[in-house]
Amino acid sequence: MDTVNMLNEKKIKTTKYRIEILDFLIKEENRFISIDEIQEKVSSDFSTAYRALELFEENNFIYKTKIKEKFYYTYRCDEGKNHHHLICTECGLKIVLDFCPFETLEKKYYDLGFDSFYHSRDFFGVCQNCKDQNIID
Ligand SMILES: [Zn+2]
Ligand SMILES: [Zn+2]
Ligand SMILES: [Zn+2]
């Protein structure tokens with residue numbers, strides 16, 4: 001779907017920056033991106049980028065996670081469906097797992113009488129490419 005239509009559908013006012021930011025996140029949907037990079041890419045100021053990202057998150061267009069104490073953003077994958085991400089802490093690469101590795105654990109949890117099981121969606125590590133490039137100190 002066209003970005004403008006996506007925003008219109010949610011009754012979000014379309015602005016040049018909002019369209020550019022959402023387009024950028026869709027184009028780079030296989031990785032997590034910092035607000036600094038987003039802001040630089042579209043040449044907006046920080047608060048414009050921040051407000052746009054907040055709005056997109058509220059409307060479920062994007063998902064954010066923390067890497068090394070900083071927030072990174074990605075276009076939503078598999079809307080609604082429960083899934084996990086493998087994330088590279090160096091380049092933000094996102095690999096989507098379409099299964100839950102914790103089903104046995106979850107069963108155990110309920111067997112033990114616990115309730116309302118939840119766990120994190122994200123797993124972190126360093127990808128092959130970053131490992132090869134030796135960019136980790
Ligand atoms: Zn996802
Ligand atoms: Zn990487
Ligand atoms: Zn799971």
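These are my notebook entries on a predicted model of one protein.

**Entry 1: the overall picture**

I started by asking how many helices and strands the protein has. I found 6 helices and 6 strands. Reading from the N terminus on, I wrote the elements down as α-α-β-α-α-β-β-β-β-α-β-α.

Next I looked up the extent of the protein. Taken along the principal axes, the box filled by the C-alpha atoms is roughly 50 × 40 × 25 Å. I then checked burial: 18% of the 137 residues count as buried. I also looked at contacts between residues at least 6 apart in sequence, and 52% of these join residues at least 24 apart.

**Entry 2: α2 against α3**

I moved on to the helices. I picked helix α2, residues 16–27, and helix α3, residues 35–42. The two pack with their axes 10 Å apart, at an angle of about 120°.

Which residues make the contact? From α2 I listed Y17, E20, I21 and F24, and from α3 I listed I38, K41 and V42. Sorting the residues of this contact by class, I got 5 nonpolar, no polar and 2 charged.

**Entry 3: α2 against α4**

I stayed with α2 and turned to helix α4, residues 46–58. Here the axes come within 10 Å and cross at roughly 65°. This crossing, too, I put down as right-handed.

For the contact, α2 supplies Y17, R18, I21 and L22. Facing them, α4 supplies T48, A49, A52 and F56. I noticed Y17 and I21 in the list for α3 and again in the list for α4. By class, the contact of α2 with α4 has 6 nonpolar residues, 1 polar and 1 charged.

**Entry 4: a sheet of 3 strands**

Then I went to the strands. What is the order of strands in the open sheet? I read it as β5-β4-β6, with mixed pairing. The edge strands are β5 (94–97) and β6 (122–125), and each pairs on one side only.

On the β6 side, H85 stands opposite D122. On the β5 side, H84 has L97 as its bridge partner.

**Entry 5: the hairpin**

I followed the chain from β4 to β5, which form a hairpin with 5 residues between the strands. In this hairpin I stopped at G92, which takes a positive phi near 80°.

**Entry 6: one residue in α6**

My last stop was N129, in helix α6, residues 128–133. Is N129 buried or exposed? I counted 12 other C-beta atoms within 10 Å of N129, and 12 or fewer counts as exposed, so N129 is exposed.

I also checked N129 against I62. The two are 67 residues apart in sequence, and their C-alpha atoms are 25 Å apart in space.

Key
Residues numbered from 1 in each chain as written. Chains lettered and ligands numbered in written order. Predicted model: local features only at pLDDT ≥ 70, side-chain atom pairs only at ≥ 80, totals over all residues. Axes fitted to C-alpha atoms, helices over the stretch in contact; angles between N-to-C directions. Helix = DSSP H or I, 4+ residues; strand = E, 2+ residues; numbered from the N terminus. Contact = placed C-beta atoms within 7 Å. Nonpolar A, V, L, I, M, F, W, Y, C, P; charged D, E, K, R; others polar. Left-handed = near helix turned anticlockwise from the far one by under 90°. Pairing = 2+ DSSP bridges. Buried ≥ 20, exposed ≤ 12 C-beta atoms within 10 Å, placed from the backbone.
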